[in-house]
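Hello,

Here is the model I promised to pass on. Please have a look, and my notes follow below.

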Amino acid sequence: MKLLYVLLLAFPLSLFAQTTYLLKPDRVFDGETVHEGWVVRVKADKIEEAGPATSVSANGAEVVELKGTTLLPGLIEGHSHLLLHPYNETTWDDQVLKEARSLRVARATVHAQKTLMAGFTTVRDLGTEGADYDDVGLKQAINQGIIPGPRMIVVTRALIATGSYAPKGFSPDVNVPQGAEEADGHDALVQAVRRQIGKGADAIKIYADYRWGLMADAQPTYTVDEIKLIVEVAKSSGRPVVAHASTAEGMRRAILGGCETVEHGDAGTPEIFALMKQHGTSLCPTLAAGDAVSQYRGWKKGREPEPERIKKKRVTFKQALDASVTICAGGDVGVFSHGDNARELIMMVDYGMKPIDVLRSATSINADTFHTTDRGRIKAGLLADVVVIEGDPTRTISDLYRVKSVMKGGVFYKR
Ligand SMILES: [Zn+2]
């Protein structure tokens, strides 16, 4: 008890920002545009002021010279699974079925630290994949300063239609634990949504389709009415619903049902993307996940032609851009290594976006889309979540790997 008391006393020293800083990079990307010669004044956990060096006072501030760098809002990862690790290390099935939750949580604490050090100060973590509500405790451990990590938006277990998800391929005589919570129909869905909210979900995630077709192909799961019900119940508490959907019909149902983001969207069509635009549904394309999985299956990237799946993804991503669908930035990190989150942003440029548009997606657009407008921009009054990059990622996106400093809530985690 005495030890606990001492620990609690010690926390505010490191966890809560006290210092006033004046950060002096070469330029500031404010979440929307680039400003050469701007500086940023941070007081406690907030941005106090940002503007031309001549107009922002250094009085009472510790001046931090950051020559040769670009300062950006802390990056926001739109699709992570901190409780998963790359499938070429351990298959998804084996992670769900054979790894103790304590092992998975232990790994997740390391993943959280790597994510933060890569400059990602917020993650929208889209499902524990069999680890129950362990994202809730992980988020609490970060918020209480027990472990370093990003701010977390969590969905807990996620919802699946009975029989549709995985692991599968076992005897029908045994019940195999699933990677998300099965619930269908009116009463069970209402209860499951409310239970997940009660346990700590910030958003509800559903699988609008999955590979449960006759040919193990992706097919829709929930009906539009079921999705509408999930959305209605979640919205009553102010929470959004996000949908995994890769088929055109799964996407259509997610959009018409009122989901705010569609994850993956691989088999979208011009008509479906037009529907997304019309309904204001955002696309989180997860380019890096497909890229990683294709390589795990043997594709030698750079030495062999791109597989069909990758070629098709390039086409549909371009269709989404042409339809002016709002693009979130999220890679499905966990399928590939935590800390390598920039891989998605680099691929977004490779697949046709301008670097500055990608950076907008990973900052202001993700913040707006995820209802976290207290961050994602360099603006007075917002949280002092900041990443300092050597070079200029607004021109050369791969500079995102050159992280010099990371600040979250006015505290330097990397300096
Ligand atoms: Zn995912």
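Two residues are taken to be in contact if their C-beta atoms, placed from the backbone, lie within 7 Å. This is a predicted model, so to speak of local features I need pLDDT of at least 70, and side-chain atom pairs count only at pLDDT 80 or more, while totals for chains, interfaces and linings use all residues. Residues are numbered from 1 along each chain as its sequence is written.

Helices (H or I, at least four residues) and strands (E, at least two) are DSSP runs, numbered from the N terminus. A residue is called buried if 20 or more other C-beta atoms lie within 10 Å of its own, exposed if 12 or fewer, and partly exposed in between, with C-beta atoms placed from the backbone.

Helix α11 (residues 342-350) has seven of its nine residues buried, among them Arg343 and Glu344. Its buried residues pack against α9 (287-296) and α12 (355-369). After α11 comes Gly352, with a positive phi near 125°.

Helix α7 (residues 248-257) is largely enclosed by the rest of the structure, because eight of its ten residues are buried. Arg252 and Arg253 are among the buried ones. The cover over them includes α6 (224-236), α8 (270-279) and the strands β12 (209-211), β13 (218-220), β14 (241-245) and β15 (261-264). Just after α7, Gly258 has a positive phi of about 105°.

Next, the sheet. Strands pair if DSSP finds at least two bridges between them. Three strands form an open sheet in the order β6-β7-β8, with parallel pairing. Its edge strands, each pairing on one side only, are β6 (75-80) and β8 (151-154). From one strand to the next the twist averages 20°. Four bridges join β6 to β7 (residues 120-125), and Ser80 stands opposite Asp125 in β7. Helix α4 (residues 134-143) lies across β7 and β8, at about 160° to β8; axes are lines fitted to C-alpha atoms, for helices over the stretch in contact, and angles run from 0 to 180 degrees between N-to-C directions.

Finally, the domains, whose bounds come from an automatic or database domain assignment. The chain is divided into domain 1 (2-73 + 377-414) and domain 2 (75-340), with 31 Å between their centres, taken over C-alpha atoms. Eleven residues from domain 1 and eight from domain 2 make the contact. On the domain 1 side, α1 (2-15), β18 (403-408) and β19 (411-414) each supply at least two residues.

Best wishes
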